[in-house]
Amino acid sequence: MKGGLEHLTAPLVRGNPITLHILGICSALAVTTSLQTALTMSGALTVVLVLSSVAISSIRRHIPTAIRLIVQITIIASLVIVMDMILKAFFFEISKTLSIFVGLIVTNCMVLGRAEAFARQQPVWPSFLDALGNGLGYSLILVIVGSIRELFGTGGLMGYDVLPLAEDGGWFQPLRLMLLAPSAFFIMGFLVWLIRIWHPEQIETAEFQLQDTDRVGRS
Amino acid sequence: MAERNPIKRFFALPNDHLGKTLGFAFMVALVASVFVSVASVLLKPHYQAHLEAERQARMAEMMSLLPGMADLLAEAGVESLVVRLLDLSTGQFAEGVDAAGYDQRAAARDPATSMVLPPVADVAGIKQRANLAPVYMLRRGRALELLVLPVRGVGYQSMLYAYLALKPDGNTIAGLTVYEHGETPGIGARVEDPAWRALWPGKELTDDSGEILIEVVRGKAVGPHQVDGISGATRTGNGVSTMLRFWLGEYGFGPFLARLKAGEDLQ
């Protein structure tokens, strides 16, 4: 299908929902303390995003404008409830560590954002690709942040010891800060910075100039 | 061109038509609710199996955490943890009912095997209480070593299910473990924390006059009848307090504990 694939590839890095639109930050902070929870959350969000976009796109011609947000949220919420139940049924231990964040996918701006900005106006196939691309873009950031936090916060990755810990006779002193939410902000900030070096057109123009306080004081 | 098929005619209506808006909202709600309901029914057995495994793991964990319990179990063999069904209103063991196959939660829902609690007595907010309750007893020889009572009560936003383990005097707590709840993650859910559970052993339920004093207090606990609260989870703590007050009282295990304290031989 002509011209379809850019919907999939564009949101991966250049139009990444986290680094460009700064959406989905709450869950990205909360579930990235370990790679495993980041992966589970990524999978859950991607599936919900794809299914909701496809569902909304396929009925887009008939959604009454007056209640379109309610219809979209109903569809997304149903999918999230079912996803939460599937995780509880088959990934019980992981679902306990994800706790409320799977349920909060409903309020993730990304899902409603893609439904409202894309799936509501586009045919099913581009909507599917766009949702999958956005889901994978979100997943990419979560996996990067989750890997860095788990590796430097605990010295291990997915339950395997990678860096020998000082307390076990190795050399690595775990950075406890990595397990706290602020570290996710720092890492995401660095990622935004890196992507904007690569794509300088994303740099926003400053809304105001800082005044030189020395000069102001003297005049 | 008049369309004969009513379904096609409905979808051909303009999107801002009132009838279509209502009809469409109804259809979306119907499809979504059927979808969620079917998934719920299909997935429930899997989820229940996990909860059951969790419950047994918590019971085993509590047993292993109690001082000397592991040795005792190893010495006596696991068989010695016997389950007996208790008639709560009399405090006597119920005969002729299979304890292993008894489902206390199902019994509490069935009017034939439960009682509706008078609102004044229902401090734990459980509304209906099964007539029979299982008690787990660990013995060394004939002497009772440990008594485990299943309890439940409303916390902040969910039902708390817990095991209360008592020393043979029927007054000293050997452990309390909440094995199922839906409290706020990170706040009320900390009733599960090993550090908080470690506050319970050694606390006492009643004073010398027999009045139930055990409670979770806000802040620091003073004396043998108080347990530190969890900061931010006052209502979960209150729920634990009222849960214990109910289950130790006359509608709970009160009559049975009275027999135990009177030194009756509970075989």
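Helix α6 (residues 234-248) of chain B has 15 residues, which at 1.5 Å a residue should span 21 Å, and because its end C-alpha atoms are 21 Å apart, the two values agree; the expected span is taken as 1.5 Å times one less than the number of residues. Helices here are DSSP runs of H or I with at least four residues, and strands are runs of E with at least two, both numbered from the N terminus. Of the 15 residues of α6(B), 11 are buried, so this helix is largely enclosed by the rest of the structure. A residue is called buried if 20 or more other C-beta atoms, placed from the backbone, lie within 10 Å of its own.

The buried residues of α6(B) are B:Thr236, B:Gly237, B:Gly239, B:Val240, B:Ser241, B:Thr242, B:Met243, B:Leu244, B:Phe246, B:Trp247 and B:Leu248. They pack against β6 (143-154), β7 (159-166), β9 (215-217) and α7 (254-261) of chain B.

## Basis of the model

This is a predicted model, in which local features need pLDDT of at least 70 and side-chain atom pairs count only at pLDDT 80 or more, while totals for chains, interfaces and linings use all residues. Residues are numbered from 1 along each chain as its sequence is written, and chains are lettered from A and ligands numbered from 1 in the order in which they are written.

## Helix packing in chain A

The axes of helix α3 (residues 35-58) and helix α6 (residues 109-119) of chain A come within 10 Å and cross at roughly 30°, where axes are lines fitted to C-alpha atoms over the stretch in contact and angles run from 0 to 180 degrees between N-to-C directions. That crossing angle makes α3(A) roughly parallel to α6(A), a term for angles under 35 degrees, with those over 145 counted as roughly antiparallel. The crossing of these two helices is right-handed, meaning that the near helix is turned clockwise from the far one by less than a right angle. In this pair A:Val48, A:Leu49, A:Ser52, A:Ser53, A:Ile56 and A:Ser57 of α3(A) meet A:Met110, A:Val111, A:Arg114, A:Ala115 and A:Ala119 of α6(A), and by class the contact has 7 nonpolar, 3 polar and 1 charged residues. Ala, Val, Leu, Ile, Met, Phe, Trp, Tyr, Cys and Pro count as nonpolar, Asp, Glu, Lys and Arg as charged, and the others, Gly among them, as polar.

The axes of α6(A) and helix α7 (residues 124-154) of chain A come within 11 Å and cross at roughly 150°, which makes α6(A) roughly antiparallel to α7(A). This crossing, too, is right-handed. Here A:Met110, A:Arg114, A:Phe118 and A:Ala119 of α6(A) meet A:Ser127, A:Asp130, A:Ala131, A:Asn134 and A:Tyr138 of α7(A), and these residues divide into 5 nonpolar, 2 polar and 2 charged.

## The chains and their interface

Chain A has 9 helices and 2 strands, and buried residues make up 37% of its 219 residues. Chain B has 7 helices and 10 strands, and 26% of its 267 residues count as buried.

Between the chains, 19 residues of chain B are in contact with 20 residues of chain A, two residues being in contact if their C-beta atoms, placed from the backbone, lie within 7 Å. On the side of chain B that touches chain A, the largest share, 15 residues, comes from helix α2 (residues 18-65) of chain B. By class, that side has 12 nonpolar, 5 polar and 2 charged residues.

Definitions and conventions. Angles under 35 degrees count as roughly parallel, over 145 as roughly antiparallel, 65 to 115 as roughly perpendicular and the rest as oblique. A residue is buried if 20 or more other C-beta atoms lie within 10 Å of its own, exposed if 12 or fewer, and partly exposed in between; C-beta atoms are placed from the backbone.
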